[in-house]
Amino acid sequence: MQLNAKIPEGKLQEKWARYKATCKLVNPNNKKKLDIIVVGTGLAGSAAAASFAELGYNVKSFCFQDTPRRAHSVAAQGGVNAAKNYQNDGDSVYRMFYDTLKGGDFRSREGNVYRLAECSLSLIDQAVAQGVPFAREYGGYLSNRSFGGVQVKRTFYARGQTGQQLLLGAYSALSRQVAAGKVKLFTRHEMLDLVMIDGKARGVIVRNLDTGELERHAAHAVVLATGGYGKIYYLSTLAMGCNGSAIWRAHKKGAGLASASWTQIHPTSLPQLGAYQSKLTLMSESLRNDGRIWVPKKENETRRPVDIPEEERDYYLERRYPAFGNLAPRDISSRAAKERIDAGYGVGPQRNAVYLDFSHSIREYGIDIIRERYGNLFSMYQKITGINAYETPMMISPAAHFSMGGLWVDYELMTTIPGLYAIGECNFSDHGANRLGANSLLQACVDGYFILPYTIGNYLADELKTGKISTDRPEFEQAEKQVVEQLTRLTTINGNRTATDYHKELGALLYDKCGLQRTKEGLEEAITRIRALRADFWKNLKVPGGHQNVNSEVEKAGRVADYLELAELMCWDALTRDESCGAHFREEYQTPEGEALRQDDKFQFVSVWEYAGPDQDPILNKEHLEFEEIKPAVRSYK
């Protein structure tokens, strides 16, 4: 597998401008001759599809939801980062670049990260022009707040609904192009395979979820914007339909998968209350601006939180990380919470939570200000738990949330398969080993609006002579045949266990062995158990009905089949990285204070995995990271 990141030459601050000034262009009239498929209609997918159509390309857009508005971008709450420095508090593009690189524990490319910070400036103007109702100060200026891992206020927000509002803006842009006939929108269609012709991505096989019929679609380039695979843990903050199947099917066709084990455990989720739950609820990180996190100093405390005096409370983040306090990065905050819970200081019915307390902020600012900032989040909390968080501290707990790992892409966001691009959470490019809060919405928007519309032209400029691509070619026939074979296999096993049952077992195993903390022995055990579970899946799976009609159990089964393979790769990725960095915490590699211990001399690279075939060990490739602007240092938030 050849890995060429294609980072432009020159100074860091000039790389993106240099690229835009020298990349190939496609004549406006010629763009009408080129077709692009975009899979996924979240922020990245909708932004890209709308932008392509505005430029003149012919676009097909696919999503498995009944409307693009149900894409999981809608669930992002707290905000989106941009280095506007409206607060005049010392922010800049360079500071944002450094914060992001440091937050990812120096395991991402300088060039990509700087471009992310640079393009953030344009995003806010774009969103405001679309009508996104960002919060404003009394005088009308856009308001900002802080998120974890930074010491400035650079997060723009729309109460606790920022993802929803940004998605509505992207959806309106997409809808305009659909109405203009430049985008053909296929809702309730799920991608089941990638079609390659002469080594290039040329189309997809999709299943109409309302009829069960398979369809072939061809294009000169394929863009995946299908989100992350955090739902592999079963209990996560992601929606039930979120999955990793599109990127996994592409991986099996030759696309490198990078840093598969780098998954983020979010520190502020509602705790699990019982085995009956199928998902967990995110509580925005923005709450940590005004909420203070603590546990009782007494083990197995039974008193109500309001009855525990101040001197008997342990504000452990403020104690351990005084410089950042409750806004320490997510990986650090989640591990700190787990350490307190495991030590016997957890609270709640299951003893699996910590307190998030707003009493101090309410006394300082008044309840009306807190309600104005977080009212919908407090209402959601009370609706779910029955507890009024204005009067009693919230209970929160770590939960699986985001995937820093994903398909390997170069500076142009192209995978190792020519013509196949990955944008947003489904690629690995910007966040390193830990994503900072409010950078997810940023990456999705920037990839879709400002980066890929430039870089895809550099590839398509050489595709004008290709002409229209027929779906009657044998490559499409073969791909569809393979899809039918798998669907038939899934529906004819006729065993006694459901796909959900397997998913639950896999999720619990993976969270225990490849979650917040990992060990060599645990990962080796996990690989053995995952292989056994996968073998049992193909012997005892029960899928009622067939695949030639509406059948949600077929959808689940296919996604779980992919998870059972992806989970093993995650464990391989964690096992072969003998260091701790960001969210990848190997217990054997930690400082005396219990912090992550990197080994830059051995592991300053991105692990890029190559598919070797069914039941074969994956093949490791390495993209070595070069740091010209910043020298990696021990990450400290104390």
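**Exercise 1. Find which side chains make polar contacts with the side chain of His360 in this predicted model, and say whether His360 is buried or exposed.**

Step 1. The side chain of Glu310 makes a polar contact of 3.3 Å with the side chain of His360.

Step 2. A second polar contact, of 3.1 Å, joins His360 to the side chain of Arg292.

Step 3. His360 belongs to helix H10, which covers residues 359-365.

Step 4. List the contacts of His360, leaving aside neighbours within four places in sequence. They are Arg292, Glu310, Arg313 and Tyr315.

Step 5. Judge the accessibility. The relative accessible area of His360 is 17%, and buried means under 20%. His360 is therefore buried.

**Exercise 2. Describe the salt bridge of Lys468 and classify both partners by accessibility.**

Step 1. The partner of Lys468 is Asp35, and their closest N and O atoms are 2.9 Å apart.

Step 2. Lys468 sits in the loop between helix H12 (439-460) and helix H13 (474-492), and Asp35 sits in strand E1 (residues 35-39). The separation is 433 residues, so this is a link between distant parts of the chain.

Step 3. Lys468 has 61% relative accessibility and therefore counts as exposed. Asp35 has 13% and therefore counts as buried.

**Exercise 3. Give the distance in the salt bridge of Arg497 and Asp501, and classify the two residues.**

Step 1. The closest N and O atoms of Arg497 and Asp501 are 2.8 Å apart.

Step 2. Arg497 is buried, because its relative accessibility is 18%. Asp501 is partly exposed, because its relative accessible area is 34%.

Step 3. The whole structure holds 58 salt bridges. Some salt bridges form a network, which links Asp105, Arg107, Asp331, Arg335, Arg577, Glu579, Arg598, Asp600 and Arg635.

**Exercise 4. Describe the interface between domain 1 and domain 2.**

Step 1. The domain assignment gives residues 266-400 as domain 1 and residues 474-596 as domain 2.

Step 2. Find the spacing. The C-alpha centres of the two domains lie 31 Å apart. Domain 1 brings 9 residues to the contact and domain 2 brings 10 residues.

Step 3. State the area. The size of an interface is often given as the accessible area lost when the parts come together. Here about 760 Å² is buried between the domains, and carbon and sulfur atoms give 51% of that area. In domain 1, the residues that lose the most area to domain 2 are Asp331, Arg335 and Lys338, together 57% of what that side buries.

Step 4. Count the interactions. There is 1 salt bridge between the domains. Glu595 and Arg320 are joined by a salt bridge of 3.4 Å, N to O. The interface also has 4 residue pairs in polar contact.

Step 5. Name the elements on the side of domain 1. Helix H9 (330-345) and strand E15 (394-403) each give two or more residues, and H9 gives the most, with 4 residues. By class, this side has 4 nonpolar, 1 polar and 4 charged residues.

**Exercise 5. Say where Tyr234 and Asp615 lie, and whether each is buried or exposed.**

Step 1. Tyr234 has a phi near 65°, a positive value in a residue other than glycine. Asp615 is not a glycine either, and its phi is about 60°.

Step 2. Tyr234 lies in the loop between strand E9 (221-224) and helix H7 (245-252). Asp615 lies in the loop between strand E18 (605-610) and strand E19 (619-624).

Step 3. Tyr234 is buried, because its relative accessibility is 8%. Asp615 is exposed, because its relative accessibility is 62%.

Key. Residues are numbered from 1 along each chain as its sequence is written. This is a predicted model: local features need pLDDT of at least 70, side-chain atom pairs count only at pLDDT 80 or more; totals for chains, interfaces and linings use all residues. Side-chain values use heavy atoms; hydrogens and water are left out. Domain bounds come from an automatic or database domain assignment. Contact means heavy atoms within 4.5 Å. Buried area is the accessible area (1.4 Å probe) that two parts lose on being put together, summed over both. A salt bridge is a side-chain nitrogen of Lys or Arg within 4 Å of a carboxyl oxygen of Asp or Glu. A polar contact is a pair of N or O atoms within 3.5 Å; within protein, one must be able to donate a hydrogen and the other to accept it, and residues adjacent in sequence count only if both atoms are side-chain atoms. Ala, Val, Leu, Ile, Met, Phe, Trp, Tyr, Cys and Pro count as nonpolar, Asp, Glu, Lys and Arg as charged, and the others, Gly among them, as polar. Buried means under 20% relative accessible area, exposed over 50%, partly exposed in between (1.4 Å probe, protein chains only).
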